[in-house]
Amino acid sequence: MGYDKEFVGKLYGNFLKASYSNYKITAKQIVKGLCSISMLSQIENGKKQASWLLRERLLRRTGVVSETYETFLNCEDYTEWKMQKEILNALYYRNNEEMIAALKDYETKYYLDTEQKRKDDVTKRLRRQFYLAVKGIYLKRQKAEREELIKVFGEAVRLTVPEIDMDFSLGMVLCPEEINLILEYVQYFPPEEARKRCQEIQDYLQKQGMEDEVKVQNYPKAVVVLCKFLLEQKEIELGEYQRIIQLCDSAIILLRNTKKQYYLIELLEVKEKVICQMKNLNFQTEELKK
């Protein structure tokens, strides 16, 4: 027995609209860099069947937890989902040969090595973004050159966030995967610019409405990367050290509340380094007073 595609589409559309409306996100914000508002309207009304990649991305941008909703996959969608899962598993367990082979199969199956019609096809762009994200992480582990990494991560980000160079306070709404890509990308900027962009991301995660289970996917990493650039400044005053500790503590509290351990070791290492430097600074200050 089949199912009514339009009815299922409307169920998804109603859930999507309720989700972004709940967090005061506009239709214009949710589709930016992905598709048109008219296409979103057709999807919400069940008139257009969006790919599972687009359905997932739109929902991920609303800030709801993935487990809150159930995605219906047809055979073709399931095949692609399974391919991506195998690639990510191999990447996670550092099975490089297996990962490279699986990624190559994915690239070949979906013609990711060609520019044809990619700009107008959001599904092709989302596939290409996934491919480049995995490739970038692999190259980073292999200690690739800065120029190559900034090229790969830069292209990946711009596939759905073409206005990456704009201030985050201008109403961007992003999903965890996009934020993670931006964090990877900006690390290769000049230090002052990287520090500025990391601060924007951290501010965005603090202010943007989202559940803690979603926020925790990026916030600890954002804090670690930001603190790295803050500590690389030539002269750091006591107040800046205290701010870094506060940032680390806010991330650790979030981890505790969500029972996660993302970047916990790195956060503790940052705190330890800051406390040691604060002791040295206090010692130098006391010596000068003497």
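I take buried to mean under 20% relative accessible area, exposed over 50%, and partly exposed in between, with a 1.4 Å probe and protein chains only. Helices (H or I, at least four residues) and strands (E, at least two) are DSSP runs, which I number from the N terminus.

**Ground rules.** I am working on a predicted model, where local features need pLDDT of at least 70, side-chain atom pairs count only at pLDDT 80 or more, and totals for chains, interfaces and linings use all residues. Residue numbers start from 1 along each chain as its sequence is written, and side-chain values use heavy atoms, leaving out hydrogens and water.

**Overall look.** I looked up the secondary structure and got 14 helices and zero strands. The box around the C-alpha atoms, taken along the principal axes, came out at roughly 85 × 45 × 35 Å. Of the 290 residues, 46% are buried. I then checked contacts (heavy atoms within 4.5 Å). Taking those between residues at least 6 apart in sequence, 67% join residues at least 24 apart.

**Surface and charge.** For accessible areas I used Shrake-Rupley with a 1.4 Å probe; for residues, only the protein chains shown count as cover. The protein exposes about 16,600 Å², and carbon and sulfur atoms supply 51% of that. For charges, I counted Lys and Arg as positive and Asp and Glu as negative, without His or the chain ends. I placed each charge at NZ of Lys, CZ of Arg, CG of Asp or CD of Glu. The mean positions of the 48 positive and 45 negative charges sit 2 Å apart.

**Helix 12.** This one covers residues 219-231, 13 residues in total. Its first and last C-alpha are 18 Å apart, close to the expected 18 Å, where the expected span is 1.5 Å times one less than the number of residues. I found 12 of its 13 residues buried, so helix 12 is largely enclosed by the rest of the structure. Among the buried ones are Tyr-219, Pro-220, Lys-221, Cys-227 and Phe-229.

**Lys-5.** I found Lys-5 in helix 1, residues 5-22. Lys-5 is exposed at 52% relative accessible area. Its C-alpha is 7.8 Å from that of Gln-49, 44 residues away along the chain.

**Cysteines.** I called a disulfide any pair of cysteine sulfur atoms within 2.5 Å, and the count is zero. What is the closest cysteine sulfur to that of Cys-198? The sulfur of Cys-227 is, but at 9.9 Å it is too far for a bond. Cys-198 is buried at 0% relative accessibility, whereas Cys-75 is exposed at 67%.
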